[in-house]
Amino acid sequence: MRYTSLGDVRVVDLTSRIAGPYATKLLAEVGAEVIKIEPPWGEAGRRRGPWRDDADATSYRDRGGLFAFLNTDKFGVTLNLRHERGREILLDLLGEADLLVENFAPGTLAKFGLAPANLLERFPRLSVVSISNFGQDGPDRNTLVNDLVLFARGGWTYPVGEPSREPLSPPGSLGQYVGGLFGAIAAMQALFARSFTLGRGQHVDVSLLESVISTMIYETVAFQYTGEYRRRIGKRYTLGPFMIVTLPCADGYAGLHCVTDKQFESLCDMIGRPELVADERFRTGLDRMVNNDALLAIIEPFFLAHGRAFLYAEGRKRAIPMAPIPSVAEVLEWNQLGERKYFETINDPVLGEIRIPGAPLRLSSHRPAPTTPAPQLGEHNREVLVERLGLDPAEIARLHEVGTI
Amino acid sequence: MTMNDGGKLRVIDLSMGWAGPLVGSMLAEMGAEVIKVEDTRRYDWWRGSLSMGPPELQPHERSGVFNGVNRGKLDLTLNLAHPRGVAVLKRLVASADVLIENYSPDVMDRFGLAYPALAESNPGLVMISMPSYGAEGPERDARGYGNTVEAMAGVTGLCRYHDDDQPYTLSNALGDPIGGLNGMFAVMVALHERERTGRGQWVELAQVEAATPLMAEALIGYQLSGNLPVPPGNRHPDHAPHGLYRCAGDDNWIAVAADTEEQWRSLLAVLGLERLADDPRFSSAEARKGNEDALDEELSQVFLGLEAEEIARRLTQAGVFAGQVNSAPLVIADAQVQARGFFIPIDREVVGTHLYPGPVARFSGTPLSSDRPAPLLGEHNSQVLRDILGFSEDEIGSLEREGVIGTSPRT
């Protein structure tokens, strides 16, 4: 779905892979015009899966499923920035832009003669948002990183898993999305400052490592207060005056999130052991922390004897936060999201019909329009370069020949 | 200079926990005047979630998480079960730019604070509601926290070791900050639209819908292949080695991965394991992936005798993916984090001085600022009522006597 709130905002997007494209997707989703610039051979994110099972290697391999999601509602233009004419055309586009978003390694733009400070001087209305692994300075600014290492250094991994074995890294590329969100918010803040205080654009430096760490406030601040930091404690979230745990049940696993006294009373009722409320081992939060193992031993058999749907329904009746830990197939079929028409079906020109997660925000001021699929490589070269910038169609053909576009 | 020089934005923050309050604190980083409204009987439950102790120690002022995400706010207590409490809140909202709430659906209606009524006296108001699962739909009334939200988005089901079925909850209730970041983005978008149209609006942000895009790869992969994703744990579907290895000392670990032939050779050179280069079990990327258990066994033995931080640095310099598995104190001590001064010391009443994470985005022209402490319960009652709403000392005294405002929790 696509809103029009940012209909007056033009974004030049030099990003690749996940964090940067997610930032500009968020902007496109609320109406910004996003011109995605890729090298003529396509950005690296195109060659990452998931793929359609019947994918014929040659025809599909420049369009993975994640690329198709992260780049909806964008215009696609190819430009080789190693060519002088490529850089000139980029500068023409920047002359009309409010935002440049990039996630090159620090210093790359400067190597192209496009250092952010120079761009800001030349285009006073432009802001440059740089998203990088470790930030634009510091000893690790040029260090390579993957998700496994990023999450480990950011503190996400250490407290998860069994005490008897190695810690467990979170799944997927979650941290990349956190960085993308910080980038999109920074873009909005730069526009805000331009309107209300600064009167001009500025450069913003967003580090993925710091984005990841900022979500570890439980750990980084709380441990200083108590001197205690969390260690792996198996299927429980942590040892505390609560019971937050993922438990095996008859047909899978269920998440229990029992925190307050009232929720504990309700839980005792649910498992048919109302007398436990008065049990001296569990009377207060502190008691339940000290005797957490005993409490877990009482709860576990009840979960194991019942199915997810039953457990969730019984918990819901009693206002106990629970989750019938769903597979992604079940997420796609979940009633709540279905009735809210959250997933949107797009007709991707290569992948066909796919259901993609919709815009998280729901604005009440106007109705959103349907999403436009991600661009094919160079799909909008003519529209942007000829119709917008006024390049001669003959030059387009020539640039194509020499590999600039 | 702050981003919003002069604090032109006024924000009323009725939210509790993490997701909603994060929106308020990010607006405070911009220099907005953020007034957190708490009930002395039902104060923000995050004040108590990790702190217990006798009342004289003020446990509600000793929560690291509360004090982390409520920095830079003013705190006003109001009994919202009392008509005068609601009346004060309505006056505040009438002068506000932004209202943040994450009550269960319908609670704002019951207070008489539904958006249409508020917009009548303040058409520029941007109001954001952040329910767990949505203001509509069969699960609208279901209770959710960050952990349950991320589970319902499909995250928890994929958080498993490669060789075991048991799912684990993420370490950081990621559903909460993801909800908060999306909420902040939504507020900025609505403010941008207001600049163009002059009109505010109500924005709904269901936290589970904010978390679901993070699962796009798995959700789309399932549709394209018809197969449920196989959780790889610490491993990678295509590359090996890719894992966590125990190092010398007490529970110290290193994350290491070598995707390319070059990284593989560098890894062997740094570890002095050149003999493995000619081992047929590891002679190609496919062979290494196929014999991953044996490979992990070889690497585990070597790492056990090495110091994590130092070997991580040497591997990184050699171009191998490597990093220490940082516990909370090690995150703060991380050399890159230190060099960029990400954590900043803040002195707060009752608890003293600690380090808190600074703003993530670094602006060259108008830096964000998060160096003001979180407020004490009701700390700014007089300031807000007198300076912002123009109440007399007599009126403030009578509100206190009637129990509409207060500075200590009541039961």
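How many residue pairs are in polar contact across the interface of chain A and chain B? The rule finds 54, with both residues at pLDDT 80 or more. A polar contact here is a pair of N or O atoms within 3.5 Å; within protein, one must be able to donate a hydrogen and the other to accept it, and residues adjacent in sequence count only if both atoms are side-chain atoms.

Some ground rules. This is a predicted model, where local features need pLDDT of at least 70, side-chain atom pairs count only at pLDDT 80 or more, and totals for chains, interfaces and linings use all residues. Residues are numbered from 1 along each chain as its sequence is written, chains are lettered from A and ligands numbered from 1 in the order in which they are written, and side-chain values use heavy atoms, with hydrogens and water left out.

Back to the interface. On chain A, 147 residues are in contact with 143 residues of chain B; contact means heavy atoms within 4.5 Å. The buried area is about 12600 Å², and carbon and sulfur atoms give 67% of that. Buried area is the accessible area (1.4 Å probe) that two parts lose on being put together, summed over both.

Now charges. Across this interface the rule finds 13 salt bridges. The test is a side-chain nitrogen of Lys or Arg within 4 Å of a carboxyl oxygen of Asp or Glu. Take B:Arg362 and A:Glu210: their closest N and O atoms are 3.1 Å apart. Which element gives the largest share of the side of chain A that touches chain B? Helix H8 of chain A, residues 174–196, with 16 residues. Helices (H or I, at least four residues) and strands (E, at least two) are DSSP runs, numbered from the N terminus. By class, that side of chain A has 85 nonpolar, 39 polar and 23 charged residues. Ala, Val, Leu, Ile, Met, Phe, Trp, Tyr, Cys and Pro count as nonpolar, Asp, Glu, Lys and Arg as charged, and the others, Gly among them, as polar.

Over all chains, the structure holds 64 salt bridges. One of them joins A:Arg388 to A:Glu96, at 3.7 Å between the closest N and O atoms. A:Arg388 sits in helix H18 (381–388) and A:Glu96 in the loop between helix H4 (84–95) and strand S4 (99–102) of chain A, so this pair ties together parts 292 residues apart in sequence.

A cavity is a set of points, on a 1 Å grid over the protein atoms alone, where a 1.4 Å probe fits but cannot get out; lining residues have an atom within 4 Å of a point. Grid points are joined across faces, edges and corners, and a volume is the space filled by probe spheres set on the points. There are 11 cavities of 30 Å³ or more.

Last, the backbone. The peptide bond from A:Gly49 to A:Pro50 is cis, with omega near -5°. From B:Ala240 to B:Pro241 the peptide bond is cis, with omega near 0°.

How values were computed. On a 1 Å grid over the protein atoms alone, a cavity is a set of points where a 1.4 Å probe fits but cannot get out, and a pocket is an open set with protein on both sides within 12 Å along at least five of seven lines; lining residues have an atom within 4 Å of a point.
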